[in-house]
Amino acid sequence: DPGAASLILTVRDMDAMMTKLKAAHAHINSKGGEPATLKGPGSTGHVVFVQDPDGFFIEISQRDPAPTTAAPASSNIIGGAFEIIVADLDKTLHIYRDVLGFQTLPPTAWDGTKLMMDTAGTPGAQFRRSSATIPGTSVMMAFMEFKDIDRQPLHTRIQDPGTAILQVGVRDIDATVKALKAAGVTVISKNGEPVLNGTSRFCMLRDPN
């Protein structure tokens with residue numbers, strides 16, 4: 001559904017993570033309630049989708065060979081990223097690439113691989129995606145669009161459990177908000193303008209999704 005979001009976590013040991021998730025009675029979305037095995041050139045991945053108590057999605061994967069990480073040896077989690085589901089990938093990339101300045105990758109071709117769609121709990125669908133590293137950080141943000149499946153845009157509010165909020169720090173908030181307004185982004189903050197909080201100014205906006 002457009003507006004849905006997920007936290008993407010990479011782990012060292014999927015079996016240990018699944019044991020903890022099941023003990024915590026986490027809701028597992030993937031078919032059969034178990035990770036799927038995805039094989040690619042020179043690598044193998046194990047992936048599962050779960051939901052936390054507020055309905056927020058978490059995609060957990062283990063890769064072999066394991067990626068380079070700065071995480072301590074005691075941590076099972078060794079990496080992370082953020083993903084949003086979008087209504088129209090081209091329109092979304094216009095906002096994040098052309099207005100916010102994210103260096104986005106070109107969209108992939110549509111992919112309906114059965115194993116991948118069963119893992120996501122979206123059988124029969126196809127998807128395409130793009131991604132970008134958030135400027136000034138090492139955090140990767142992905143954008144995914146589905147088709148050939150029922151989609152219901154989310155209309156959550158800031159205070160609703162499960163709502164995802166991306167926090168971005170900017171040099172010039174007035175110029176940023178002006179550009180986003182011109183691109184059709186809705187401002188939620190009172191009077192449609194940034195709000196002063198101490199020595200900082202904040203503005204909440206809603207992207208097209």
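H46 is partly exposed, with a relative accessible area of 25%, where buried means under 20% relative accessible area, exposed over 50% and partly exposed in between (1.4 Å probe, protein chains only). The structure is a predicted model, in which local features need pLDDT of at least 70 and side-chain atom pairs count only at pLDDT 80 or more, while totals for chains, interfaces and linings use all residues. Residues are numbered from 1 along each chain as its sequence is written, and side-chain values use heavy atoms, with hydrogens and water left out.

The mean pLDDT of the chain, the predictor's confidence in each residue from 0 to 100, is 94, and 100% of the residues reach 70 or more. Confidence is lowest in strand 3 (residues 36-40), with a mean of 87, and highest in strand 9, at 97; helices (H or I, at least four residues) and strands (E, at least two) are DSSP runs numbered from the N terminus.

H46 belongs to strand 4 (residues 43-51). Apart from neighbours within four places in sequence, H46 is in contact (heavy atoms within 4.5 Å) with M14, P35, A36, T37, I60, S61 and Q62. With T37, the side chain of H46 makes a polar contact of 3.1 Å, the term denoting a pair of N or O atoms within 3.5 Å, of which, within protein, one must be able to donate a hydrogen and the other to accept it, and residues adjacent in sequence count only if both atoms are side-chain atoms.

Strand 9 (residues 140-147) is mostly covered, 6 of its 8 residues being buried. This strand runs parallel to strand 6 (residues 77-86), to which 6 bridges join it, and I85 stands opposite M144; two strands are taken to pair if DSSP finds at least two bridges between them. Strand 8 (residues 126-133) runs antiparallel to strand 9 and is joined to it by 8 bridges, with K147 as the bridge partner of Q126. Strands 8 and 9 form a hairpin with 6 residues between them, and G136 in the turn has a positive phi of about 80 degrees.

Across the whole structure, a search finds 10 salt bridges, each defined as a side-chain nitrogen of Lys or Arg within 4 Å of a carboxyl oxygen of Asp or Glu. In one of these, R128 pairs with E145, the closest N and O atoms being 3.0 Å apart, and this pair links distant parts of the chain, with R128 in strand 8 and E145 in strand 9, 17 residues apart. R128 is buried, with a relative accessible area of 13%, and E145 is likewise buried, at 9%. A salt bridge of 2.9 Å, N to O, also joins the side chains of D174 and R201; D174 lies in helix 4 (residues 173-182) and R201 in strand 12 (residues 200-202), so the pair ties together parts that are 27 residues apart in sequence. D174 is partly exposed, at 42% relative accessibility, as is R201, at 39%.
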